[in-house]
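My entries follow in the order of looking.

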Amino acid sequence: MSLKFKNGKFTILQVSDPQDLQYVRKTMMKMLDKAYDRVKPDLIVFTGDNVLGNHFRDARTLTPLFVKTKEAEFKAMEIAIEKLLRPVEDRKIPFSMIYGNHDDMNEITKKEQSDIYRRYPHFVGLYNDVEILKDETFNIPIYSEDGSEIKFNIWMMDSAWKDKEEDKCYNQVKPEAIEWYKKKSAELKAQNGGVPVPALMFQHIPLIEMLDLMEECDKAEKGAFEGPDGKYFKAKPCVDGEIGEYICTVSQGNGQVEAIKECGDIKAIVFGHDHQNCFTTTLDGINIVQTPCASFRCYGRRSRGVRVFTIDEKTGNYETEHLNYKDLCGDSLKAELEYIWDADGMLKEKILLCCGVGLITTTVKHFLGKTK
């Protein structure tokens, strides 16, 4: 499937960390439905932790064992992916994805997971001729409206995997992936008359260099959040947006930043992973975009939502905006109650809501009893 600019524009909708199970949270799906209909994107990218892979064997309470075989676990994954993708397929919107740390934390291999995604007619990507990078790292070209040339490129970089034999998780972009990026970028540049093809790079786990976006502070300072060793930090002034948690980065850089500078094609590198961080900034000359989670089955903030990128065909530049739950679903009482009921991290509000309902019910019953 070839993707093309339309009327000089191309719109990408990023959904990061939907992170759900076969029992999908309905409020998240409602929010995503609103986003799809409002934005009408040319491409949707799911940027990791697309499913909560390490909990497919759990019951809905996340305590007792629910499924006991790989076959049952695979079936649970199929259902979870189907529920996430069905609204996209029904709207016939092209979509792509990369993996996050939660996707691969189970018995189902990336190859097996990739085969599930490839069943969907509107899926694009996951094709790479380098054996070690198959089913994880790839690029998506965006063609001119007439289809004659590549005008923009999207890099989808894998940054997390689990070694099933070692039973060990790794959080980094493989050196082979960075070398592949450099080679492929040079090929696209040569095809483009020696000019780098402008691109966005999507990756689940942030760069290790992004630790420099935070500075230590007093616990009482506005915007302070806890970091390692009981210390507190806040965002530096260069950050436009919100850092609500200590940035969780890849374990090592493997020369990725140097490669991006060398190739000169990246307009911005875009991340998920940190559920409470929502910001844009520039770091060492590279534009950085951080998108919070969409999931309601995890910790998060009121920033739960999606991000939109609008790319201009002539300049290769982009504009971006973040749309949160309130932007998409409104601020009605119904929308607020649905948010409180479905979102993890709202226990206090849930208790107050239940107490309030109980009090109202008791009061009504008492009143009706007195009027008989």
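I take buried to mean under 20% relative accessible area, exposed over 50%, and partly exposed in between, with a 1.4 Å probe and protein chains only. The model is predicted, so I note that local features need pLDDT of at least 70 and side-chain atom pairs count only at pLDDT 80 or more, while totals for chains, interfaces and linings use all residues. Residues are numbered from 1 along each chain as its sequence is written, and side-chain values use heavy atoms, with hydrogens and water left out.

Entry on cysteines. I looked for disulfides (pairs of cysteine sulfur atoms within 2.5 Å) and found 0. For Cys293, the nearest cysteine sulfur is that of Cys298, 3.9 Å away. Cys293 is buried, at a relative accessible area of 1%. Cys298 is in no disulfide either, and is buried at 6%.

Entry on cores. I count as a nonpolar core a set of buried Ala, Val, Leu, Ile, Met, Phe, Trp, Tyr and Cys residues joined through side-chain atoms within 4.5 Å. The largest has 66 residues, and Leu32, Phe46 and Phe202 touch the most other members. A second, separate core of 33 residues includes Met201 and Phe279.

Entry on helix α3. Helices (H or I, at least four residues) and strands (E, at least two) are DSSP runs, numbered from the N terminus. In α3, residues 110-118, I find Lys110, Gln113, Ser114, Ile116 and Tyr117 buried. Seen down the axis, the buried residues of α3 fall within an arc of 155° and so line one face of the helix; the arc is that of the directions from the helix axis to the C-beta atoms.
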